[in-house]
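Morning, everyone. Please bring up the model on your screens, and we will walk through it together.

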Amino acid sequence: MKITGSKAQVFIDSFNDTSIVNGTGTNTTEARQKYFVIDKAEESNIPVVKGTFFIAPQIGGSANQIMLKEGDRLFKINEERFCKTNASFEFSFGSVDVGDDCDPGATISDGILSLTGSLAGLFRYDDETQDFDCVTDIIVNRFLDIVEDKGDGQYELFPRTDNQIYLLTLLNSGGKAGQTENWLFAPININSMSMSLGNTDAQNKDLSFSKGEGKPIIYKIPVAA
């Protein structure tokens with residue numbers, strides 16, 4: 001079977017220290033929570049390597065969850081939907097010239113994965129407050145300071161941040177219980193943002209990104225009942 005790009009749903013989150021979970025030897029993961037692995041204890045129970053993602057077991061209760069040991073350090077991903085109009089990803093490896101007079105022009109892979117891509121979407125505003133939605137705030141704050149004027153003499157500054165973005169793409173949304181969801185997880189840095197504000201067009205934003213610190217993976221998991 002083949003499916004359209006509209007079946008792919010994109011979510012993002014931005015690193016913040018309030019979402020870090022440190023292992024104590026007595027605490028556990030939370031059911032169905034998505035995590036990025038910052039560090040692992042020597043005898044860690046975490047099932048993936050440092051720098052990648054995993055989803056905690058779907059069954060609740062501490063007996064069914066992963067016990068976190070001292071030295072385990074996780075980032076709890078609280079993803080927000082990026083309502084895309086288009087998305088693209090490109091994976092590539094560099095090459096090393098190993099040609100000689102016995103095999104002119106030969107190359108081998110350098111083994112270094114490069115990931116680049118783009119996302120396009122619309123500026124979205126809250127229907128009631130007319131404020132940016134969370135995703136728009138996260139993206140704009142990568143490039144610009146944000147000042148919130150409360151209107152009563154109070155002001156709050158959110159300085160521009162270079163915090164890493166976590167991109168989560170569900171490639172085949174709409175699956176039924178027992179079928180497989182295929183997720184593309186990637187830590188990224190947003191390199192550029194362009195805006196279009198044509199009088200007869202919807203306000204939109206176009207982003208380009210490259211791989212951040214960590215490893216992109218494909219993650220397969222059964223659709224929860």
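Which residue in S5 stands opposite Ile 20? Phe 75 does. Keep that pair in view.

Some ground rules. This is a predicted model, where local features need pLDDT of at least 70, side-chain atom pairs count only at pLDDT 80 or more, and totals for chains, interfaces and linings use all residues. Residues are numbered from 1 along each chain as its sequence is written, and side-chain values use heavy atoms, with hydrogens and water left out.

Now the overall picture. The protein chain has 1 helix and 14 strands. Helices (H or I, at least four residues) and strands (E, at least two) are DSSP runs, numbered from the N terminus. The C-alpha trace spans about 70 × 55 × 40 Å along its principal axes. Of the 225 residues, 36% count as buried. Buried means under 20% relative accessible area, exposed means over 50%, and partly exposed lies in between, with a 1.4 Å probe and protein chains only.

Back to the sheet. It is open, with 4 strands in the order S2-S5-S3-S4 and antiparallel pairing. Two strands pair if DSSP finds at least two bridges between them. Strand S2 (20–22) and strand S4 (53–55) stand at the edges with a single partner strand each, so one side of each has no neighbour in the sheet. S2 is joined to strand S5 (residues 73–77) by 3 bridges, and the two run antiparallel.

Next, the largest nonpolar core. That term means a set of buried Ala, Val, Leu, Ile, Met, Phe, Trp, Tyr and Cys residues joined through side-chain atoms within 4.5 Å. This core has 25 residues, and Phe 54, Leu 74 and Trp 183 touch the most other members. Elements giving two or more residues include S2, S4, S5 and strand S12 (180–196). S3 gives the most, with 4 residues. Apart from this core lies another, of 15 residues, among them Ile 12 and Phe 82.

Look at Phe 54. Leaving aside neighbours within four places in sequence, its contacts (heavy atoms within 4.5 Å) include Tyr 35, Val 37, Leu 74 and Tyr 219.

Last stop: Phe 89, in strand S7 (residues 84–97). Is Phe 89 buried or partly exposed? Phe 89 is partly exposed, with a relative accessible area of 28%. Leu 115 is 26 residues away from Phe 89 in sequence, yet 7.1 Å away in space, C-alpha to C-alpha. Beyond four places in sequence, Phe 89 is in contact with residues including Leu 115, Leu 167 and Phe 209.
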